[in-house]
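Biologist: Hello! Could you walk me through the charged and aromatic side chains of this one?

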Amino acid sequence: MPRVLLVGALAAVLAATGCSPAPAPLSERVAAFEKLPDWSGIWEPNVFVGEGIGQALSPEGLKNGAPLLTAKMPLNAEWQTKFDAAARAQAAAVQADPDHPPAPPYPPCSPPPFLLGIASPALSQWRITPEEVTFIDTINFVRHIYTDGRSHPPADELWPTKMGDSIGRWEGDTLIVDTVAIKPRLVLFTFFALDMSEKLHFVERIRMVGHDEIQNELTMEDPVAMTGPFTLTFKYARVKDATRMIDETECDQITDRNPIVNGRFTAITGR
């Protein structure tokens, strides 16, 4: 059978059996790639620019991080009471042993939960294809943002996960991301946890605002716990003194850089 007829027959069989269609021709895929922005390189949250050894932030990092640390969520009365109780408990735990503060409320040596992971002290890369944007960092925080036109799964097929379900679309050079089905335990930048509702929902607008900066304007909504939307702006700076991504999740929480015993860091270093 001639090759053209063979290919046509095979396509007909696949269509009849319900299999996925063949990928788009290479020329179409190249054209789709050409429309996408170039976010290649290695990035880090600008809060951690110039970070010293240990947990100390540089003066520039402290300045960049101030809007995040001082932002106030518009919680309703019920959830504000929960927030205040969690904040008091955290403050008391720190005051009890200031030199050995409590470890974060998630497993050591593992990627942090969604909101905290966006601004984690790790190097990251953005992998962009026409079908998906994948965010990968050096502590195994991985997000899959589907940009192939799909919608979220129906409600009876969704369940809360650490990263939730993210779908996106491009508006020019801006990636609009919609994320649902996030586990409602929200770990805040003050390193204590607040349980939100299952209605927690995020919308992000991510774009490159200069050769060395990517900006993520993130809006969080929770109609059960909040009186209105809450917006934060995260910025990523291009890393110019690193050439590789190195996985740092394989660690021993007892003996490695930040050893943890009885839920507390046992070694804290400054600049």
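Modeller: Gladly! A word on terms before we start: a residue is called buried when its relative accessible area is under 20%, and exposed when that area is over 50%. Keep in mind that this is a predicted model.

Biologist: By that rule, is Trp126 buried or exposed?

Modeller: The cut-off for buried is under 20%. Trp126 has a relative accessible area of 5%, so Trp126 is buried.

Biologist: What kind of aromatic pair do Trp39 and Trp126 make?

Modeller: Trp39 is in the loop between α2 (26-34) and β1 (43-45), while Trp126 belongs to strand β2 (residues 124-128), 87 residues apart. Planes over 60 degrees apart count as edge-to-face. The ring centres of Trp39 and Trp126 are 5.3 Å apart and the planes stand at 85°, so the pair is edge-to-face.

Biologist: Which aromatic cluster do these rings belong to?

Modeller: Trp39 also forms an edge-to-face pair with Trp170, at 5.5 Å centre to centre and 65° between the planes. That pair links distant parts of the chain, with Trp170 in strand β5 (residues 165-171), 131 residues from Trp39. Trp39 is buried at 2% relative accessibility, whereas Trp170 is partly exposed at 22%. One aromatic cluster is formed by Trp39, Trp126, Phe135, Phe141, Trp170 and Tyr236.

Biologist: On to charges, then. Which side chain of opposite charge is nearest to Asp137, and how far away is it?

Modeller: Asp137 sits in strand β3 (residues 132-137). A salt bridge needs a nitrogen and a carboxyl oxygen within 4 Å, and Asp137, though buried, has none. The nearest side chain of opposite charge is Lys162, 10 Å away.

Biologist: What polar partners does the side chain of Asp137 have instead?

Modeller: Among the residues that Asp137 touches are Gly117, Leu123 and Met245. Its side chain has a polar atom 2.9 Å from the backbone nitrogen of Ile139. The side chains of Asp137 and Ser120 are joined by a polar contact of 3.3 Å.

Biologist: How many salt bridges does the structure hold?

Modeller: Side chains of opposite charge can pair when their charged atoms come close. The structure's count of salt bridges is nine.

Biologist: Which parts of the chain does the salt bridge of Lys240 and Asp212 tie together?

Modeller: The closest N and O atoms of Lys240 and Asp212 are 3.0 Å apart. Lys240 is exposed at 66% relative accessibility, and Asp212 is partly exposed at 30%. Since the pair ties together parts 28 residues apart in sequence, the answer is two loops: β11 (230-238) to β12 (260-261) for Lys240, and β9 (201-210) to β10 (213-221) for Asp212.

Biologist: Where do Asp195 and Arg185 lie?

Modeller: These two form a salt bridge, with the closest N and O atoms of Asp195 and Arg185 3.7 Å apart. The partners are ten residues apart: Asp195 is in strand β8 (residues 193-195) and Arg185 in strand β7 (residues 185-187).

Biologist: One last thing: which ring does Arg150 lie over?

Modeller: At 4.0 Å from the ring centre, Arg150 lies over the face of Tyr146.

How values were computed: Residues are numbered from 1 along each chain as its sequence is written. This is a predicted model: local features need pLDDT of at least 70, side-chain atom pairs count only at pLDDT 80 or more; totals for chains, interfaces and linings use all residues. Side-chain values use heavy atoms; hydrogens and water are left out. Helices (H or I, at least four residues) and strands (E, at least two) are DSSP runs, numbered from the N terminus. Buried means under 20% relative accessible area, exposed over 50%, partly exposed in between (1.4 Å probe, protein chains only). Lys and Arg count as positive and Asp and Glu as negative; His and the chain ends are not counted. A polar contact is a pair of N or O atoms within 3.5 Å; within protein, one must be able to donate a hydrogen and the other to accept it, and residues adjacent in sequence count only if both atoms are side-chain atoms. Contact means heavy atoms within 4.5 Å. Rings of Phe, Tyr and Trp (its six-membered ring) pair if their centres lie within 6.5 Å; planes under 30 degrees apart count as stacked, over 60 as edge-to-face and the rest as tilted. A charge sits over a ring if NZ of Lys or CZ of Arg is within 6 Å of the ring centre and within 35 degrees of the ring normal. Lists of a residue's contacts leave out its neighbours within four places in sequence.
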